[in-house]
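Trainee: Could you walk me through reading a few features of a model, starting with its helices?

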Amino acid sequence: MTRTPGPLRLLLAAACAALALTGCSEDDPAPKIDPGDSSSAAATPTPTSTAPVEPTLPAEAEGTDAAAAEAFVEFYWEMVNYAQATGDVDGLRELALESCAACKGGADGISQIHSADGLIDGGVVTVQALNARRFESGPATGFIVIARTDVSPQVIRVPGKKAERYAGGPGEVQMIVQSTDDGWRIGRWDAQ
């Protein structure tokens, strides 16, 4: 089955595939060369790891302005990419409020696929542009951030199940980024 889903559908595809269970690629880094000691005539290659590295919150996301909210949204999608590649959703879960159903569904789906020895290949979200505007609603404050994204083709494989294929492509996601005592959190997101 081939579809052209928006980013919301791609992340939620992981959740849907996981529900079916119950009823990343990266460029290889250039090899590092060990310079050895000064008496060595030739350098020897040093093994390198191609395993994904968990992203860290950039300093730009630690402010309280629109630019910080935008940097946080970009960081969120980097964490989605990391979680899809590794199955490690702990950091991703910490970035969302409990009320974010899309956040919880996506993280649960990713976790269930990997727990069943499944693989999520592709589906890498690249943020192309961001636009934030402030909101205040009672005690809740933050930004509504529109993220224009591009998503690579994706295949979800789970042993004993038919592979699910998604064509990827451009999309737009509206995200509610709320300010909390612990910093920014995603309160909600929807594909546009």
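Mentor: Happy to, and keep in mind that this model is predicted.

Trainee: How many aromatic pairs does the structure hold?

Mentor: There are four. To classify a pair, look at the angle between the ring planes: over 60 degrees counts as edge-to-face. Tyrosine 76 and tryptophan 77 have ring centres 5.4 Å apart and planes at 85 degrees, so they are edge-to-face. The rings of tryptophan 77 and tryptophan 189 sit 5.2 Å apart, centre to centre, with planes at 70 degrees, so this pair is edge-to-face too. Because tryptophan 77 belongs to helix H2 and tryptophan 189 to strand E9 (residues 183–191), their pairing ties together parts 112 residues apart in sequence. Tyr76, Trp77 and Trp189 make up one aromatic cluster.

Trainee: Are tryptophan 77 and tryptophan 189 buried or exposed?

Mentor: Both are buried. For tryptophan 77 the relative accessible area is 1%, and tyrosine 76, at 0%, is buried as well.

Trainee: What is the strand order in the open sheet of three strands?

Mentor: The order is E3-E6-E7, with antiparallel pairing. Strands E3 (119–122) and E7 (164–166) are the edges, each pairing on one side only. E3 and E6 (residues 154–157) pair over four bridges; for instance, aspartate 121 has valine 155 in E6 as its bridge partner.

Note on methods. Residues are numbered from 1 along each chain as its sequence is written. This is a predicted model: local features need pLDDT of at least 70, side-chain atom pairs count only at pLDDT 80 or more; totals for chains, interfaces and linings use all residues. Side-chain values use heavy atoms; hydrogens and water are left out. Two strands pair if DSSP finds at least two bridges between them. Helices (H or I, at least four residues) and strands (E, at least two) are DSSP runs, numbered from the N terminus. Rings of Phe, Tyr and Trp (its six-membered ring) pair if their centres lie within 6.5 Å; planes under 30 degrees apart count as stacked, over 60 as edge-to-face and the rest as tilted. Buried means under 20% relative accessible area, exposed over 50%, partly exposed in between (1.4 Å probe, protein chains only).
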